[in-house]
Amino acid sequence: MPSSLIRCTAPFAAALAAAALPSAAFAQSDLQGWYAGLDAQQSRIERTTQTTLDGAWSIESNDLRALVSGLDSGARRESDTGFNLHAGYLHAPGERWLLGVELGLDNGGERIDAGQMSPTTPGFPVYTTQATLDVERTLALRGLVGVRFGEAQALYATVGAARADVVATTGLTSNGGYAKAGRFDGHRSGVQWGLGWRWALSERWSLRAEWLQTDLGDVAIENAYLPGSTFVDPAYIERYRIDVETRQLRVGLSVRF
């Protein structure tokens with residue numbers, strides 16, 4: 001090839017190579033620094049309940065107690081979509097490792113309606129439970145440790161603390177006039193952990209995918225008689241211990257600044 005042609009094409013080839021591959025300066029910084037972004041997520045909320053009957057329930061038959069306690073016991077799950085805002089800092093201390101800390105705000109909106117009706121059984125009233133669980137505005141602060149693959153990708157594990165607004169309700173009524181309800185409305189704190197993958201698209205923008213689980217502990221509720229209930233004496237007591245967990249599958253976009 002003539003030397004003049006080589007001299008002409010060499011700068012063009014160099015420009016193509018620079019456009020196709022990250023520069024050395026970019027390669028050192030694409031997974032480091034302050035960032036913020038938005039995640040779209042598929043969420044699943046799980047409500048696991050243990051029901052205890054006390055008081056005057058002791059005079060009822062084992063079959064009736066088993067029927068009533070079984071109406072609002074065990075696990076219920078529901079899924080929904082939502083979004084999460086996040087901001088944090090990443091640091092790459094070496095060629096292989098990635099460390100970081102992140103604050104996230106999940107808009108929540110997960111809800112379970114778990115009420116059901118007992119079957120018609122000769123000699124027993126028909127009982128109906130009313131049971132809901134709402135998890136709103138989960139705030140999480142978590143750290144992460146990752147392994148880098150090249151200069152622009154990393155697989156990481158994350159763990160931290162979470163706090164959410166939780167509203168849980170319970171209720172028990174019958175066609176014989178029994179009417180009771182209970183409610184918890186407050187904050188619950190717990191642990192959030194999961195796995196994620198981050199991929200730098202450019203010097204400023206990156207994609208990520210995460211799977212997370214949040215254990216918010218349990219709430220305790222005891223039903224109280226509602227006005228008009230025909231059974232108030234002797235006192236029948238229903239207590240519920242409700243474990244609250246959520247899981248998220250997220251895909252997000254972050255900008256580094």
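This is a predicted model: local features need pLDDT of at least 70, side-chain atom pairs count only at pLDDT 80 or more; totals for chains, interfaces and linings use all residues.
Reader: What makes up the secondary structure of the protein chain?
Author: The protein chain has three helices and ten strands. Helices (H or I, at least four residues) and strands (E, at least two) are DSSP runs, numbered from the N terminus. Along the sequence the pattern is α-α-β-α-β-β-β-β-β-β-β-β-β.

Reader: Why is Trp57 called buried?
Author: Buried means under 20% relative accessible area, exposed means over 50%, and partly exposed is in between (1.4 Å probe, protein chains only). Trp57 has 1% relative accessibility, so Trp57 counts as buried. In the protein chain, buried residues make up 42% of the 257 residues.

Reader: Why is the pair of Trp57 and Tyr127 called tilted?
Author: Rings of Phe, Tyr and Trp (its six-membered ring) pair if their centres lie within 6.5 Å; planes under 30 degrees apart count as stacked, over 60 as edge-to-face and the rest as tilted. Trp57 and Tyr127 are 6.2 Å apart, centre to centre, with 55° between the planes, and the pair is therefore tilted. Trp57 lies in the loop between β1 (33-55) and α3 (62-71) and Tyr127 in strand β4 (residues 127-129), so the pair ties together parts that are 70 residues apart in sequence. Tyr127 is buried, with a relative accessible area of 7%.

Reader: What makes the pair of Tyr127 and Tyr178 edge-to-face?
Author: The planes of Tyr127 and Tyr178 are 75° apart and the centres 6.3 Å apart, so the pair is edge-to-face by the rule for angles over 60. Tyr178 lies in the loop between β6 (153-174) and β7 (179-200), so this pair ties Tyr178 to a part of the chain 51 residues apart in sequence. At 3% relative accessibility, Tyr178 is buried. Ring pairs link Trp57, Tyr127, Tyr178, Tyr225 and Tyr236 into a cluster.

Reader: How do you know that Lys180 sits over the ring of Tyr225?
Author: A charge sits over a ring if NZ of Lys or CZ of Arg is within 6 Å of the ring centre and within 35 degrees of the ring normal. The charged end of Lys180 is 4.4 Å from the centre of the Tyr225 ring and sits over that ring. Arg198 lies over the face of Tyr35, at 4.6 Å from the ring centre.

Reader: Why is the contact between Arg142 and Glu210 called a salt bridge?
Author: A salt bridge is a side-chain nitrogen of Lys or Arg within 4 Å of a carboxyl oxygen of Asp or Glu. The closest N and O atoms of Arg142 and Glu210 are 3.0 Å apart, so the pair is a salt bridge. The pair links distant parts of the chain, with Arg142 in strand β5 and Glu210 in strand β8 (residues 205-222), 68 residues apart. Arg142 and Glu210 are buried. By this rule the count comes to 21 salt bridges.

Reader: What makes the surface patch with Leu85 nonpolar?
Author: Patches are made of residues with over 30% relative accessible area and no salt bridge; like charges are joined within 9 Å, nonpolar side chains (Val, Leu, Ile, Met, Phe, Trp, Tyr) within 5 Å. The patch of about 690 Å² is made by Leu38, Phe83, Leu85, Val101, Leu103, Leu105, Leu139 and Leu141. Its area comes from the Shrake-Rupley method with a 1.4 Å probe; for residues, only the protein chains shown count as cover. Leu85, at 43% relative accessibility, counts as partly exposed. β3 gives the most to the patch, with three residues.

Technical notes:
Residues are numbered from 1 along each chain as its sequence is written. Side-chain values use heavy atoms; hydrogens and water are left out.
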